[in-house]
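I opened my notebook to jot down what I looked up in this structure. Here are the entries, backbone first and cavities after.

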Amino acid sequence: MSPFLTAAMLVFALAFFAFTMLQRIAPLLALRRDDRLSRTGERLATLLRFGLGQKRLVDPEERGPGLLHVVIFAAFLVLALRTITMFGMGFSEGFHLPLLAPEAPLGRVYGLVKDLVLLAALVGVAGFLWRRLVTKPDRVTLSTEGVVILLFIAGLMVTDLVFEGSELLSRGAPGSAWGPAGALGRALLAPLSAGQAHALGVLAFWLHLALILVFLNVLPFGKHFHIITGLPNVFFARLPPAVALRKLDLEAEDASFGTATVKDLSWKEAWDVYSCTECGRCQTHCPTYVTGKPLSHKEVNRSIRHHLAEVAPALTAAARAKDPAARDAALAGLPPITSVIPPETFWACTTCGWCETACPVLIENIPRLVDMRRQQVLVESAFPDEAARVFKGIETQGNPWGIGSNKRTEWCEDLDVPRAAAGEPFEYLFFVGCAGAFDDRQKKVSRAIVRILREAKVSFAILGEEETCNGEAARRLGNEYLFQLQAQANVDTLNGYGVKKILVQCPHCLNTIKNELPQFGGRYEVVHHAELIAKLVADGRLTPGAAEGLGPVTFHDPCYLARWNGVTEAPREALGAVAGVKLVEMERNRRQGFCCGAGGGRFWLEEKLGTRVNQNRVEEAARTLGETGGVIATGCPFCLTMMKDGVNETGREEKLKVLDVAEIVALGLPAARAPREG
């Protein structure tokens, strides 16, 4: 071997790599600061589970290719020791790491594991090449880079195999079950002369080292940069409550009002786009992509990554600037973010969370898009006309419908529902929500919940006319200022009554009160009505009877209940407690549930592009329930409306009914049965 050649290769390659990495990281120093180092223990646990453990890659929807990736990832981890050993051999032929000498017990075990993952990695490479070149699934973008990287990986495995086989032949050693890859290499080289086998082994050795160093230096220049940035990205991921959006400090002198140009991204958001594998998992159940809207999170990541490369000199100059004036001058020529991500793209998002649930490296797509909306709303005053009506309604009447706030309690005028202001003690504050108070269809759900609470003898009260919109739609439509006004008003009211437990019927209320009001000093135990119903049944406080004539029931998981807040089983347990209910599952359910199209404030906006999201979901429900039809059950006011509209739009009113979980449970109560609504 040659110490000089080995050293020269290492010094040159590592110096070039360090230079490249500085070029890639330097622009990030000009971007918004973001604390991603706190709660280190949780971050390490996340890294072990999703990074080293590859948890997302073996999720059911893409388990086959995921396992292939896990095998290749494991090969890289195991072969790292082998690579260090081979570089050591470049300096001294007999080099080995401590305890890993070929004849040592631990060395033999490592050799076996190494050979097994090496052979498995070759199978994985073959599988990925087949997918890329033959089957070509929709979510995978065919690229020369992807094929080249796979060939690089295969080259590393083959050169190791050939070198190992040559070593066995030169020593006159037979193949062994402890080294299956080496035995295979020996068998392949056996027909050659000793000199030829040795020469090929030497070539394989140096080619292996060269491939490692070239591979390392190629990575920062393409999408496979994620091999370097992916694990750190998992470590730096948002921690629970991850669904909570960033609170803008609107009173600061240098207040940020969203994303105007790429300089307004945080360094972590830039690291995200470096880490995008372009695997396309974010597209599998994305309601916008599936229904032909102009949003693919993979393409958004790619566009921002390319743009960062284009403006890197300006960002780097800003990062190195000695004073604010020089920094501002360096950033003055940056194009608006809308030239990179068109408004129709970021307005299309329903914030359903599928992209973030599916991403194997935990990329945070939604906050970026909401920040783009914030800039458009708060600075440019450029937003859909329908959003203006929503903002005005919330601001003037405390609800997005703009209905008079004095009508907030009309839904329960005949029910004698207790008010918090009465001063009587109560266990749960029933936060009715705007839909539950103003939407005629959802009022019936509110009344069903009251019947259930009284049947189970649960102590509760409502705020009545003191309740106001939580502002969730305003925040996700980009009006952070209006949201903060609503949030603070709600916290002041709730804290004024010393509220500890809150019952909601809307997953959007659940998410806002539970995960975002803590930003304003409001910390409460928040439960969805399906959760409380399931608990009351389990505790023996509620025993629904039969709800006859419903037919089969399929449950549509609301995104903000199932995906964002992990509540999947309680609604099914509540439905299962009602005699006569036969529950059948849609193909896309629980964490894979398909959006109704209403999230992210989209409920209030016209759906002008592609096919309608709610119709896609209703078609699936119809296939699940069969020719005889049945009931689509849900636990969200917006889902209820969207599913009902989808049923009507597809002409299925006679076969499909849409009911809330609470309505179905209430049908089984001994009190006079309420009429079934469609």
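Before anything else, a note on naming: helices (H or I, at least four residues) and strands (E, at least two) are DSSP runs, numbered from the N terminus. I am working from a predicted model, where local features need pLDDT of at least 70, side-chain atom pairs count only at pLDDT 80 or more, and totals for chains, interfaces and linings use all residues. Residues are numbered from 1 along each chain as its sequence is written, and side-chain values use heavy atoms, with hydrogens and water left out.

**Entry: loops.** I looked up R590 and found it in the loop between β6 (582–583) and α26 (613–625). Its phi is near 55°, a positive value in a residue other than glycine. For exposure I used relative accessible area: buried is under 20%, exposed is over 50%, and partly exposed is in between (1.4 Å probe, protein chains only). R590 counts as partly exposed because its relative accessibility is 25%.

Next I turned to L99, in the loop between α3 (63–91) and α4 (105–135). L99 also has a positive phi, near 75°, without being a glycine. Is L99 buried or exposed? It is exposed, at 62% relative accessible area.

I then checked P241, which sits in the loop between α8 (226–235) and α9 (267–275). The peptide bond leading from P240 to P241 is cis, its omega near 0°.

**Entry: helix α19.** I compared its length with expectation, which is 1.5 Å times one less than the number of residues. Helix α19 (residues 440–455) has 16 residues and should span 22 Å; its end C-alpha atoms lie 23 Å apart, so the two agree. I noted its buried residues, among them R441, K443, V445, I449 and L453. Just after α19, K457 takes a positive phi of about 60°.

**Entry: cavities.** I searched a 1 Å grid over the protein atoms alone; a cavity is a set of points where a 1.4 Å probe fits but cannot get out, and lining residues have an atom within 4 Å of a point. Points are joined across faces, edges and corners, and volume is the space filled by probe spheres set on them. How many cavities of 30 Å³ or more are there? I count seven.

The largest cavity holds about 200 Å³ of space. Its lining has 23 residues, with C469, N470, E472, C506 and F638 nearest the centre. The largest share of that lining, four residues, comes from α18.

Key
1 Å grid on protein atoms, 1.4 Å probe; cavity = no way out; pocket = protein on both sides within 12 Å on 5 of 7 lines; lining within 4 Å.
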